[in-house]
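These are my notebook entries on what I looked up in this structure, kept in the order in which I went through it.

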Amino acid sequence: NMEQNGNPWGLGADRRMDWAEGHNIPTLDEKPEAEWLLWVGCAGAFDDRLKKQTLALVDILRTAGVDFAVLGLEEGCCGDSARRAGNEMLFQMEAQQNIETMNAKKVKKIVTACPHCLHTLKNDYPQMGGHYEVRHHSQLIAELLEKGQLVLDARAAGLDKLTYHDPCYLGRWNGEYTAPRAVLDRLGGQRIELARSREHGFCCGAGGGRMWMEEKTGTRVNHDRTDEILATGATMVATACPYCTVMIKDAVDDRDAGERVQVRNLSELVVKAMVKKEVASTEEAMTS
């Protein structure tokens, strides 16, 4: 699929911007001076469940006044799955094309919701001449909240008991544990730490290219992790990775637990509680 269509889903490359239809998303060709490149990633562009997370992030960036654009049809798979699964030639072909595209457009700063893309763009691409400041969306959202560019109403989030699953490629591979928790703590509710968290976090089962492989022996990794999540009694599990969303949601459904625990990406929770700028301005005026 990656060789033929440029994405693991095997969908036509010309459908990479279908998620943005009707939402007036600017490309770098239309907005070449944009401060941030929003790297959508294959998951955020092609998976129907994950497109909602991408649009939620777009809404957050716009509300906070972040200057961003996307590559559009010129974005290709970052190559993470190819390299982790051992197809180095395919990875280098994909990476080189992306690097040439981004360097030609003078990209400096990238934000992405996918830790797999984050890890690859941040740590692998410099080996091939791609040097960028790469941030995960949880890090940028935490900064926007801290600066007051983004305001949340915890009542709107409506959270009760929630837990957070550390994505391997955000946490153990790139050392970011604080930003997602800082954002979640702004949303209210009782946050319950999983027994295996932070530096001792446990994989959802999709890392290292295994998103595309089947478990043949023993307990499925996503079932193991989800059993731990269900044992907390949480009614919401927050993720910060599209692959984690898929793996944990599938396992929750396999356990017939969909009615008692929801699986949501950080961006979906934030956008639900987000105070729109005009509302925030009115409240500020009333306070003054």
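**Entry 1: α7 against α9**

I started with α7, which passes α9 in a left-handed crossing (left-handed if the near helix is turned anticlockwise from the far one by less than a right angle, right-handed if clockwise). The contact is made by Ser138, Gln139, Ile141, Ala142 and Leu145 of α7 and by Ala179, Pro180 and Val183 of α9, where contact means heavy atoms within 4.5 Å. I sorted the residues of this contact and found six nonpolar, two polar and no charged, with Ala, Val, Leu, Ile, Met, Phe, Trp, Tyr, Cys and Pro counted as nonpolar, Asp, Glu, Lys and Arg as charged, and the others, Gly among them, as polar.

The two helices pack at an angle of about 50 degrees, with their axes 8 Å apart; axes are lines fitted to C-alpha atoms, for helices over the stretch in contact, and angles run from 0 to 180 degrees between N-to-C directions. That angle makes α7 oblique to α9, given that angles under 35 degrees count as roughly parallel, over 145 as roughly antiparallel, 65 to 115 as roughly perpendicular and the rest as oblique.

I note for the record that this is a predicted model, in which local features need pLDDT of at least 70 and side-chain atom pairs count only at pLDDT 80 or more, while totals for chains, interfaces and linings use all residues. Residues are numbered from 1 along each chain as its sequence is written, and side-chain values use heavy atoms, with hydrogens and water left out. Helices (H or I, at least four residues) and strands (E, at least two) are DSSP runs, numbered from the N terminus.

**Entry 2: α12 and its two helix partners**

Next I asked which residues of α9 meet α12. Pro180, Val183 and Leu184 in α9 meet Leu266, Leu269 and Val270 in α12, and the residues of this contact divide into six nonpolar, no polar and no charged. The axes of α9 (residues 178-185) and α12 (residues 266-273) come within 10 Å and cross at roughly 30 degrees, which makes α9 roughly parallel to α12. This crossing, too, I recorded as left-handed.

I then turned to helix α3 (residues 48-63), which packs with α12 at an angle of about 45 degrees, the axes being 8 Å apart; that makes α3 oblique to α12. Here Lys52, Gln53, Ala56, Leu57, Asp59 and Ile60 in α3 meet Ser267, Glu268, Val270 and Val271 in α12, and I sorted this contact into five nonpolar, two polar and three charged residues.

**Entry 3: the two sheets**

In what order do the strands of the open sheet with β1 to β4 run? I read the order as β2-β1-β3-β4, with parallel pairing; two strands pair if DSSP finds at least two bridges between them. β2 (68-69) and β4 (133-136) stand at the edges with a single partner strand each, so one side of each is left without a neighbour in the sheet. Strand β3 (residues 109-112) and β4 pair in the parallel sense over four bridges, and valine 111 has arginine 135 in β4 as its bridge partner. Helix α7 (residues 137-147) lies across β1 (36-39), β3 and β4, running at about 80 degrees to β4.

A further open sheet of four strands has the order β6-β5-β7-β8, with parallel pairing. Its edges are β6 (190-192) and β8 (262-265), each with a single partner strand, so one side of each has no neighbour in the sheet. On average, neighbouring strands of this sheet are turned by 30 degrees against each other, direction ignored. Strand β5 (residues 161-164) and β6 pair in the parallel sense over three bridges, with arginine 191 in β6 as the bridge partner of leucine 162. I also saw that α9 lies across β5, β6 and β7 (236-239), running at about 165 degrees to β5.

**Entry 4: a salt bridge**

My search of the whole structure found 27 salt bridges, each a side-chain nitrogen of Lys or Arg within 4 Å of a carboxyl oxygen of Asp or Glu. One of them joins the side chains of aspartate 29 and lysine 105 (2.6 Å, N to O). The pair links distant parts of the chain, 76 residues apart: aspartate 29 lies in the loop between α1 (2-5) and β1, and lysine 105 in the loop between α5 (88-104) and β3.
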